[in-house]
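Please open the structure in your viewer and keep the selection panel at hand. The stops below say what to select next and what is there.

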Amino acid sequence: MAKYSVAVDQGTTSTRFMIFDHAGQVVGIDQKEHEQIFPKPGWVEHDATEIWTRTQEVIAGALKKGNISTKDIAACGITNQRETTVVWEKATGKPVYNAIVWQDTRTDTICNELAKDGGQDRFREKVGLPLATYFSGPKVKWILDNVEGVRAKAEKGEVLFGNIDSWVIWNLTGGPKGGVHVTDVSNASRTMLMNLETLDWDPDMLKVMGIPHAMLPAIKASSEVYGYAVGSLEGIAVAGDLGDQQAALFGQTCFSAGEAKNTYGTGCFMLLNTGTKPVQSKNGLLTTLGYKIGSEAAVYCLEGSIAITGALVQWLRDNLQMIEKSADIEPLARTVEDNGGIYFVPAFSGLFAPYWKSDARGAVVGMTRYITRGHIARAALEATAFQTREVLDAMNKDSGVDLTALKVDGGMVYNELLMQFQSDILGVPVVRPQVAETTALGAAYAAGLAVGFWKNVEDLRANWAKDKEWKPQMDATLRDKEYKGWKKAVTRTFDWIE
């Protein structure tokens, strides 16, 4: 009898491998960071080969640390940083270029060109997304247009494209020696190339972007057996695939329409389950696929994506050296009572939801000589909460449903100051589950469901347990005043890039 379901969680700054028991508790983990490459302002890249090396290292590391035998593992799921684009040679497994990361803004010219005819929302009805540098389609086009010889190889089916999930699964199941080339509906819905209704690659979108069908992975359910692993996980079914935010929704067991979660990572992502029909947003949100379990109907979501949240804390640590480690931000922010009148809008790679302005850039506004490092730290944390409020407002308008509580997960949910301020600025309770690493858990759940390790989603719901809840304590007048200040600060970042 298998005892565990496992997951590779390939994130923007690190890769980890996590082992979960039947109750959804963590029994083993290993994690390693990878290099962030910034060749030019606005360009962000990863070395896909390094990511695959780190993946192999953390798998071996977690199995060894936990003294876990592969005989005890039911299945392996994959979850990944979405939209990060890899193109590689089928015969050798060698990437033709570095992975272009979701935060990268080099495709703004491609997006602006495409928007000339029909505007930013030209394809929104078909793919659920605005024309923005965030998504994979324009990144693939950039590689095909700018890396010598790749287009010709793509036409012949000699190179493959995938978001990071496809890259990891292909390598995990054998790479050049029979690796399976697949993605799931949640990842495919982030490319601008998948039709929301048919759940297949859209011929018109491929034509517009100039992307040959031959290089694309097969689109599968989020929970089904894709193939079997080689290497450290020899013979184990690879059976779950979810983009990181959808995986967190799954791990938070938001299986009913109207349930929502917010993940605090490098960026911040709020997803609302809208059921089995896509809901088009009129307020700057994305219509995206939540998940698909086997042959069941696919489940859709509205998503509010915020580019920079935890990444702002890393920036204060690495670029400004204001703190030594990320956890130092909270004690520093607690040295002051409030933000001292300043707002920090971290539009480092433009503004995502609900604005979608790739020409915005970061700003700190309201500075006086009174301001200290403590105020800057506090304003940096508050930026995450304010951005979340903007997304929640848009969600309430689109769905017509007022959220009554917010389930939260990700690395920043252990920051008590931030969680309290988040509840204050939203005016609703904020709830943290016992297992806050719900991204990896969601992928392990999807994989385990596919092989019968868990029978159904009710089994998963039974595992969910509350760890802590924060309730609003801020006076409504102050809340409105603070939020009004934030909205004003955001406008100061617009149209910065000519």
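Which residue in E20 is the bridge partner of Leu406? Select Leu406 and you will find that its bridge partner in E20 is Val430. Before going further, note that this is a predicted model, in which local features need pLDDT of at least 70 and side-chain atom pairs count only at pLDDT 80 or more, while totals for chains, interfaces and linings use all residues. Residues are numbered from 1 along each chain as its sequence is written, and side-chain values use heavy atoms, with hydrogens and water left out.

**The sheet**

Stay with strand E19 (residues 406–409), which runs parallel to E20 and is joined to it by two bridges; helices (H or I, at least four residues) and strands (E, at least two) are DSSP runs, numbered from the N terminus, and two strands pair if DSSP finds at least two bridges between them.

**Salt bridges**

Next, select Arg190 and Glu303, which form a salt bridge with the closest N and O atoms 3.0 Å apart; the term stands for a side-chain nitrogen of Lys or Arg within 4 Å of a carboxyl oxygen of Asp or Glu. This pair links distant parts of the chain, with Arg190 in the loop between helix H7 (185–188) and helix H8 (203–209) and Glu303 in strand E16 (residues 299–306), 113 residues apart. Both Arg190 and Glu303 are buried, where buried means under 20% relative accessible area, exposed over 50%, and partly exposed in between (1.4 Å probe, protein chains only). For another pair, select Arg16 and Glu437, where the closest N and O atoms of the salt bridge are 3.1 Å apart and both residues are buried.

**Helix H2 and its cover**

Now select Ile110, Cys111 and Leu114, the buried residues of H2. Seen down the axis of H2, they fall within an arc of 95 degrees (taken from the directions from the helix axis to the C-beta atoms), so they line one face of the helix. What covers them includes helix H4 (136–146) and H8. In helix H8, select Val208, which counts as partly exposed because its relative accessibility is 27%. Val208 touches Leu114, Arg122 and Phe123, not counting residues up to four places away in sequence; contact here means heavy atoms within 4.5 Å.

**The nonpolar cores**

Finally, select Tyr134, Ile211, Met215, Phe250 and Tyr264, the residues with the most contacts inside the largest nonpolar core, which has 133 residues; such a core is a set of buried Ala, Val, Leu, Ile, Met, Phe, Trp, Tyr and Cys residues joined through side-chain atoms within 4.5 Å. Helix H12 (residues 373–399) gives the most to this core, with 12 residues. Apart from this core lies another, of 32 residues, among them Ala48, Ile68, Ile164 and Ala229.
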